[in-house]
Every structure is written in C-alpha cells, then in structure tokens.
Amino acid sequence: MDLFSCLSPFVFCSFASGSSGNCYYVGKQDEGVLVDVGISAKQILNLLAENDIPLSQIKAILITHDHIDHVLGLENLTKLSSIPIYAHSDCLQGIAEGKSTKKVDPQLFREVEPLQPFEVCGITIEAFPVMHDGRGAVGYHFDYEGRTLTIATDIGMLDKVVKEQIRRADNLVIEANYDVEMLEKGPYPYILKQRISSPFGHLSNEESARFVAEIYHAGMKNIMLCHLSENNNTPERAMQCLYQQFQKKRVRLDANTSIFPLPRHKCTGFVYL
Ligand SMILES: [Zn+2]
Ligand SMILES: [Zn+2]
C-alpha cells in the first residue's frame, strides 16, 4: 500500500485564521467547500493554487457570519466563478447590505436552516447557531463517510447546542481568541474589551480549553485552535492553557491526537481528518 492510500480521503486546510481574515478548505481530494472567505480573492486564488486545488473544485462557499474577517473576498471570488454561497438567512441579508459585499449576486445565495443537514459533494453538512454579534452566526459540522469535523469560531459562549456539535466531532476547529489577562491589561478601550468577553463576543483560551478537556476522547484526531487574537493572545499561551486543563482533568492524550493552533497568515497544508 502506498502512503497516499493510507491517508484519509477527507481533508481540512487553513488558509488564514484570526481577526485579519479567516478562510478554510474542507473536502475530498477532488472537490470540496470553502468555509469563510475573509481574505482577498487574490490571496485565496494563490493559496488554492499552492495547494493544487483548482477553483472549479470549490462547490460551495459556507459563511459563518457577515463580519468582514469572514466575507472580505466574497464579491471578487464569486465574480470569477459562480460558486453558491451557503449561510443563514440573516447572514445572507447582511451580505446583501454589507459595504464590501453588496454587489454579490443574490442568485448564488442558498439559505441554510440551522440543524437541518444538507449535502454538498457527498459531504453531509449541518449549520448550528452560535452566540455572536454577527448576523445569522453559525458554526458547521461535517460528516464524510463517518469522518467528522466541527468548526466552532466566533462564539461568545458555549451553549448547549454548540457543546453538542463539538462532542460529535473527531476533528475540531475551536476558537481560542484571547488570554483573559492579556485582554484585561491590553490597550483596547474598555467598551471593546467588554464586547470581546461578552456572551456575544469571543471565546477565551480558558473557556475553550476547559470544554475541550472535558469532552476529549482518544478517538479525537485533530484539535485545532482558531481565531487567535493578535493583540490579546499568543499561540504559546493558548496551547499552555489547554495543556493545563488536560493536566487538571487528568486527561491522557492519545498518541494519535494532534493539537495545534492555526496560524494567522500561514497555510497549514492538508490536515487529514
Ligand atoms: Zn471573526
Ligand atoms: Zn465575528
């Protein structure tokens, strides 16, 4: 058996993660979807090419919510190729009214109903509502032949629905936005600090670490920390916080579990799910 046939047919790739832009590829070797397009279309095209993914291989763009760091490249990318855009109806409304997205062709809009599975290129996808101050904010759960991935980004608090969707996944992309101490002592104005730490803002390292340590099981293949703040976090702090929680809960990590933060600007290459 060659190496390629040992690898999972279901892959994830992060092109960018954080408040300066988010964009992920989820799919098979020959077709897949983009989750968020919060970097320029030019950057996305370059990153697709670098990873040998032709644009024609992208069958859908799934949007988590209408904040600019998730939709920046949408207008130009869909001008180049008429890729259907899946999002919650409120988010689609936000895109239609958004400063940098209002020229997106509404004929490409596909409304997703929260917790109603749909299929794109053989992958079962389910959107689930999350607490965040973007319009129609959702996370996504993916299932391809029993290989599962949950993307939970931009979340003010982990409510019951989100927790359930995270528990279902053997591969997880979860927000670890800020270190509590760095946010408190950092340069942001009080009102912005309040917004970030509110139930409609972002998840702290501790909030996500505590929950990941609680639900961890040996079948988990990849735990990826996403949307790390540039000013209020470091990859080291986020990872340290997670390992502290594992230690606290006496979690024994399986040798096959990979845990890593997603870089803000660097591509991860294919992560096999
Ligand atoms: Zn964001
Ligand atoms: Zn957001």
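User: On what conventions do the answers rest?

Analyst: This is a predicted model, in which local features need pLDDT of at least 70 and side-chain atom pairs count only at pLDDT 80 or more, while totals for chains, interfaces and linings use all residues. Residues are numbered from 1 along each chain as its sequence is written, chains are lettered from A and ligands numbered from 1 in the order in which they are written, and side-chain values use heavy atoms, with hydrogens and water left out.

User: How many disulfides does the structure hold?

Analyst: A disulfide is taken here as a pair of cysteine sulfur atoms within 2.5 Å. For Cys241 the closest cysteine sulfur, in Cys226, is 15 Å away, which is too far for a bond. Cys267 is in no disulfide either, the nearest cysteine sulfur being that of Cys13 at 3.5 Å. The number of disulfides is 0.

User: Is Cys241 buried or exposed?

Analyst: Buried means under 20% relative accessible area, exposed means over 50%, and partly exposed lies in between (1.4 Å probe, protein chains only). The relative accessible area of Cys241 is 12%, so Cys241 is buried.
Cys267, at 21%, counts as partly exposed. For Cys241, the class is buried.

User: How many salt bridges are there by the distance rule?

Analyst: The rule asks for a side-chain nitrogen of Lys or Arg within 4 Å of a carboxyl oxygen of Asp or Glu. One of the pairs is Lys28 with Glu31, at 3.4 Å from N to O, and both of these residues are buried. Asp179, Glu181, Lys185 and Arg237 are linked in a network of salt bridges. The count comes to 11.

User: How many residues apart are the salt-bridge partners Arg195 and Asp133?

Analyst: The closest N and O atoms of Arg195 and Asp133 are 2.7 Å apart. Helices (H or I, at least four residues) and strands (E, at least two) are DSSP runs numbered from the N terminus. Arg195 belongs to helix α8 (residues 190-197), whereas Asp133 sits in the loop between β8 (123-129) and β9 (138-144), and the separation of this pair, which links distant parts of the chain, is 62 residues.

User: Which two helices does the salt bridge between Arg167 and Glu214 tie together?

Analyst: The side chains of Arg167 and Glu214 meet at 3.7 Å, N to O. Arg167 is partly exposed with a relative accessible area of 46%, and Glu214 counts as partly exposed at 46%. The two residues are 47 apart in sequence, so the pair ties together α6 (residues 160-167) and α9 (residues 205-215).

User: Which residue supplies the backbone oxygen that lies 3.0 Å from a polar atom of the Gln57 side chain?

Analyst: Gln57 is in the loop between α2 (41-50) and β4 (58-62), and at 7% relative accessibility it counts as buried. Contact means heavy atoms within 4.5 Å. Leaving out residues up to four places away in sequence, Gln57 touches several residues, including Tyr25, Lys28, Glu31 and Asp52. The backbone oxygen at 3.0 Å belongs to Gln29.

User: How many residues does the largest nonpolar core have?

Analyst: A nonpolar core is a set of buried Ala, Val, Leu, Ile, Met, Phe, Trp, Tyr and Cys residues joined through side-chain atoms within 4.5 Å. Among the elements that give two or more residues to this core are β1 (11-16), β3 (32-37) and α5 (89-97). Phe15, which is in contact with Leu34, Leu47 and Cys267 among others, is one of the residues with the most contacts inside the core. The core has 30 residues.

User: What arc do the buried residues Cys91, Leu92, Gly94 and Ile95 cover around the axis of α5?

Analyst: The arc is that of the directions from the helix axis to the C-beta atoms. What covers the buried residues of α5 includes α3 (68-71), α4, β5 and β6 (109-111). Cys91, Leu92, Gly94 and Ile95 are buried in α5. They are on the same side of α5 because their arc is only 155°.

User: What is the phi of Arg250?

Analyst: Arg250 lies in the loop between α10 (235-248) and β13 (258-261) and counts as exposed at 75% relative accessibility. Although Arg250 is not a glycine, its phi is positive, at about 50°.

Terms used. Polar contact = N/O pair within 3.5 Å; in protein donor to acceptor, adjacent residues only side chain to side chain.
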